[in-house]
Amino acid sequence: MVQKICFVTIGATASFDQLLQAVLSGAFFQALEALKYTHLLLQYGKNGKRFLEELGKINRHGIEISGFDFNTKGLGQEMWSTKAAKDRAEGVVISHAGSGSILDALRIRVPLIVVPNTSLLHNHQVELAEELSKQGYLVHGHLDDLPSALRESEAHRKKLQAWPPNNHGADPSGRGLAGVMDEEMGFYD
């Protein structure tokens, strides 16, 4: 059986229980099944394990669920697990709208749904999600309708924009951190 993984990350610094509740809803499991997903992988943070334990009677529609609190090595391996491979169909990453997580997922070039945590003080996440969505890099998801965002991401994978556009042909990793930062900020030789 070919796997198709939906990886959800709520971030490491601020709790985002509302996102966990949204992806553990019956409607979201139904959408996953309709789009042929087989696995839901959660980075649930320090308080989120209780949501998995409380699933109980919710119909999971055959979706396998697993999760972890935090990965000190970063989330690269989990994000890469959504890429198509010999035994996997391309999946999706659903993320809070933190810039680090967004950049990590964009570099891997998988469909990305970004859900801003609107409860944060001095919140920049909505603006970031709106602008990157407008430019075609990701889908701006909303807590009250994640199944629609999941369906939109399926269509979005066909027109996924590359991030960042490499205009100068040089490998920034040969120039260390300064090269990576120049590349991310759009400063080209």
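**Ground rules.** I am working with a predicted model, in which local features need pLDDT of at least 70 and side-chain atom pairs count only at pLDDT 80 or more, while totals for chains, interfaces and linings use all residues. Residues are numbered from 1 along each chain as its sequence is written, and side-chain values use heavy atoms, with hydrogens and water left out.

**The chain as a whole.** Reading from the N terminus, I get the element order β-α-α-β-α-β-α-β-α-β-α-β-α-α. I then looked up burial: 44% of the 189 residues count as buried. Buried here means under 20% relative accessible area, exposed means over 50%, and partly exposed is in between, with a 1.4 Å probe and protein chains only. I also looked at contacts, meaning heavy atoms within 4.5 Å. Among those between residues at least 6 apart in sequence, 66% join residues at least 24 apart.

**The sheet.** In what order do the six strands stand in the sheet? I read β3-β2-β1-β4-β5-β6, an open sheet with parallel pairing. The edge strands, each pairing on one side only, are β3 (64-68) and β6 (139-140). For two strands to pair, DSSP must find at least two bridges between them. As a reminder to myself, strands of a sheet pair through backbone hydrogen bonds, either parallel or antiparallel.

**Around β5.** I followed β5 (residues 112-115) to its partners. With β6 it pairs in the parallel sense over two bridges, and V114 stands opposite H140 in β6. With β4, which runs parallel to β5, there are four bridges, and H96 stands opposite V115 in β5. Next I checked the faces of β5: L112 and V114 are buried on one side, I113 and V115 on the other, and both faces are covered. In a regular strand the side chains alternate between the two faces of the sheet.

**Helix α7.** Which strands does α7 lie across? I found α7 (residues 146-156) across β1 (3-9), β4 (88-96), β5 and β6, running at about 150° to β5. For such angles, axes are lines fitted to C-alpha atoms, for helices over the stretch in contact, and angles run from 0 to 180 degrees between N-to-C directions. The buried residues of α7 are L146, P147, A149, L150, S153, E154 and H156. They pack against β1, β4, β5 and β6, and also against α1 (17-23) and α2 (26-34).

**α2 against α7.** I wanted the geometry of this pair. The two helices pack at about 20°, with axes 9 Å apart. That makes α2 roughly parallel to α7, since angles under 35 degrees count as roughly parallel, over 145 as roughly antiparallel, 65 to 115 as roughly perpendicular and the rest as oblique. A27, F28, A31 and L32 of α2 meet L146, P147, L150 and R151 of α7. By class, I count seven nonpolar, no polar and one charged residues in this contact. The classes are Ala, Val, Leu, Ile, Met, Phe, Trp, Tyr, Cys and Pro as nonpolar, Asp, Glu, Lys and Arg as charged, and the others, Gly among them, as polar.

**Two buried residues.** Is S101 buried or exposed? S101 sits in helix α5 (residues 99-108) and is buried, with a relative accessible area of 13%. Not counting residues up to four places away in sequence, S101 touches M79, S95 and H96. I then went to L75, in the loop between β3 and α4 (76-80). L75 is buried at 15% relative accessible area. Leaving aside neighbours within four places in sequence, L75 is in contact with F7, T9, Q43 and F68. From L75 to Q43 I noted 32 residues in sequence and 8.7 Å in space, C-alpha to C-alpha.

**Two positive phi values.** H61, in the loop between α3 (49-53) and β3, has phi near 55°, a positive value in a residue other than glycine. H61 is partly exposed, at 22% relative accessible area. R109 lies in the loop between α5 and β5 and has a positive phi near 60°, again in a residue other than glycine. R109 is partly exposed, with a relative accessible area of 40%.
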